[in-house]
Amino acid sequence: MARWPKRQDHTDVKPYWELTFDADGDADTARREELLSGAERGRVSDLLVFAHGWNNDKESARSLYRRFFAPCRRLAAPQVRLGYVGVLWPAIRFPDEPIPDFEPSAVPAAPAPPGGPGLDAATRRALDRAFPDHGPTLDRIAELLAERSDVPSRLYEFGRHVRELVSLRETSPARHLGEDTGAGEPAMLTDDAVQVCEVLAAARADDGQAELLSELRGRVWDGAHELLRQGTYYAMKRRSGAVGQLGLGPAIGLLAAHAPGIRVHLIGHSFGARLVSYALRGMPAGVRTVKSVTLLQGAFSHYAFADRLPHDRSRGGALRGVQRRIDGPLVSCHSRHDDALGRFYPLASKLAGDSTSFLNLWDRWGAIGYDGIRAVEGARRVTLGERLPATGCVSVDASSVVRRGGPPCGAHSDVCHEELARAVFAAGRIPTA
């Protein structure tokens, strides 16, 4: 597996621009204008546009972009004029989630306080940035996590505050952009809070060994900490759809008008994969400038592109048919080593009122970054390095390289590999050296 050194000169990652969006998908117009004029003036032939996942630290996102883009200039044929774009949007990363091979300065250490998973200072700052104007709610959440009471009413109160934290105002454009396969809220926010926390505690502690009920109950506040994490991820899921459809999609339309000959290649990691997918839905009609989309460990439903859901033939996925807006393939790189998507994503995605048993949970609510694209007619499945089709949906098993990382995310952020950069080139038919 090809990797590059931790500290490396990234001077070849240019010209580089950034597109910055707020939580409602509104763009920083000055940054957007820099891209529009710069790409046209620089006669860029192929533009690589990368959207990060739930990383709230801009420097960490920039580090991801520099590292992923590092081999691209060397891979490209001499006639290719590459340009690079980093999408920045207000997401969140809990500081206890490691990002493999990032410089220590980009990922500050944040050990949990003695006695349990309370809200350390770094996590609190990240939550304050992601959820402004919710100070009192976060204060009480922190108090409850520190208290770790045995009284069930405290857990019910905790669940109520998490739901309050991630709720949206009625006029928010993200309100209806969190649905990939069905309408409604996740069961984790509406079901019995004690039971939800017990299930999440078991998922956190799962090491393949049976656990006594008394031991599980003793760790129920570990599950509460996980409920806070998954609740905020649900909020970021909705936000990524809004930023993609209302922000990046229209920006691509403007780019196509300013530089009609440019070939755009969208890349997204985690919720960034969802963001670039929703951007396809937000592009103006008739725009054919997107030549490929590459999803790296996508954190959204494996049925999102389905014309008909296997469990409800009257409905399809929220993104059904958008792959036809690409003048090339839609590629989903997935890995069976991704614990964050394989273990927690289905638990967090199951909707309230759904009767799915836990036995079938992973099939119905599974993530596209764990087992690829499902229920799309004609979709292909290949392994990393195999030839990709020119159009349509294709799932690429990247388990051979996406495999490193520790708890709680496993291999989820392990995406800086030359093999994956080569997959982007293959998907976009970018000539190589």
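**Stop 1: helices on the sheet.** Select α1, residues 29-41. In this predicted model, α1 lies across β1, β2 and β3. Its direction runs at about 145° to β1.

Stop 2: In what order do the eight strands of the open sheet run? Read across: β1-β3-β2-β4-β5-β6-β8-β7. The pairing is parallel. Go to the edges, where β1 and β7 stand. Each has a single partner strand, so one side of each is left without a neighbour in the sheet. Turn the view to look along the sheet. From one strand to the next, the twist averages 20°.

**Stop 3: β2 and β3.** Select residues 46-51 for β2 and residues 82-88 for β3. The two strands run parallel and are joined by six bridges. Pick D46 and find what stands opposite in β3: L82. The C-alpha atoms of L82 and D46 are 5.0 Å apart, while the sequence separates the two by 36 residues.

Is L82 buried or exposed? With a relative accessibility of 4%, L82 counts as buried, because that value falls under the 20% cut-off. Leaving out residues up to four places away in sequence, L82 touches K14, P15, V44, D46, L48, C72, R73, A76 and F425.

**Stop 4: the cis peptide.** Select both and display the backbone. The peptide bond joining K14 and P15 is cis, with omega about 0°. P15 sits in the segment before β1, which spans 16-20.

**Stop 5: β6.** Return to the sheet and select residues 329-334, strand β6. How many of its six residues are buried? Six of the six are, so β6 is largely enclosed by the rest of the structure. Show the side chains. In a regular strand, side chains alternate between the two faces of the sheet. Here one side carries P329, V331 and C333, and the other carries L330, S332 and H334. Both faces are covered, and all of these residues are buried.

Now check the neighbours of β6. Strand β5, residues 290-296, pairs with β6 in the parallel sense over four bridges. Pick V293 to see one of them: its bridge partner in β6 is L330. Next, select residues 392-397 for strand β8. β8 and β6 run parallel and are joined by six bridges. S332 stands opposite S395 of β8.

**Stop 6: a helix pair.** Bring the helices back. Select α8, residues 193-205, and α10, residues 220-258. Two packed helices are described by the angle between their axes and the distance between the axes. For α8 and α10, the angle is about 95° and the axes are 7 Å apart. The two are therefore roughly perpendicular to each other. To see the contact, show V194, V196, C197, E198, L200, A201 and R204 on α8. On α10, show V220, D222, G223, A224, H225, E226, L227 and R229. Colour the contact by class: eight residues are nonpolar, two polar and five charged.

**Stop 7: two loops with positive phi.** Select R43, in the loop between α1 and β2. Its phi is positive, about 50°, although R43 is not a glycine. R43 counts as exposed, at 62% relative accessibility. Then jump to A375, in the loop between α14 (368-371) and β7 (380-383). A375 is not a glycine, yet its phi is positive at about 60°. At 38% relative accessibility, A375 counts as partly exposed.

**Stop 8: zoom out.** Show the whole protein. How many helices and strands does it have? There are 15 helices and eight strands. Colour by accessibility: of the 433 residues, 58% are buried. The protein exposes about 17500 Å², and carbon and sulfur atoms supply 50% of that. Residues 24 or more positions apart account for 77% of them.

Key:
Residues numbered from 1 in each chain as written. Predicted model: local features only at pLDDT ≥ 70, side-chain atom pairs only at ≥ 80, totals over all residues. Heavy atoms only, no water. Axes fitted to C-alpha atoms, helices over the stretch in contact; angles between N-to-C directions. Parallel < 35°, antiparallel > 145°, perpendicular 65-115°, else oblique. Contact = heavy atoms within 4.5 Å. Nonpolar A, V, L, I, M, F, W, Y, C, P; charged D, E, K, R; others polar. Buried < 20%, exposed > 50% of the residue type's maximum accessible area, 1.4 Å probe, protein only. Areas by Shrake-Rupley, 256 points an atom, 1.4 Å probe, with all protein chains shown as cover. Pairing = 2+ DSSP bridges.
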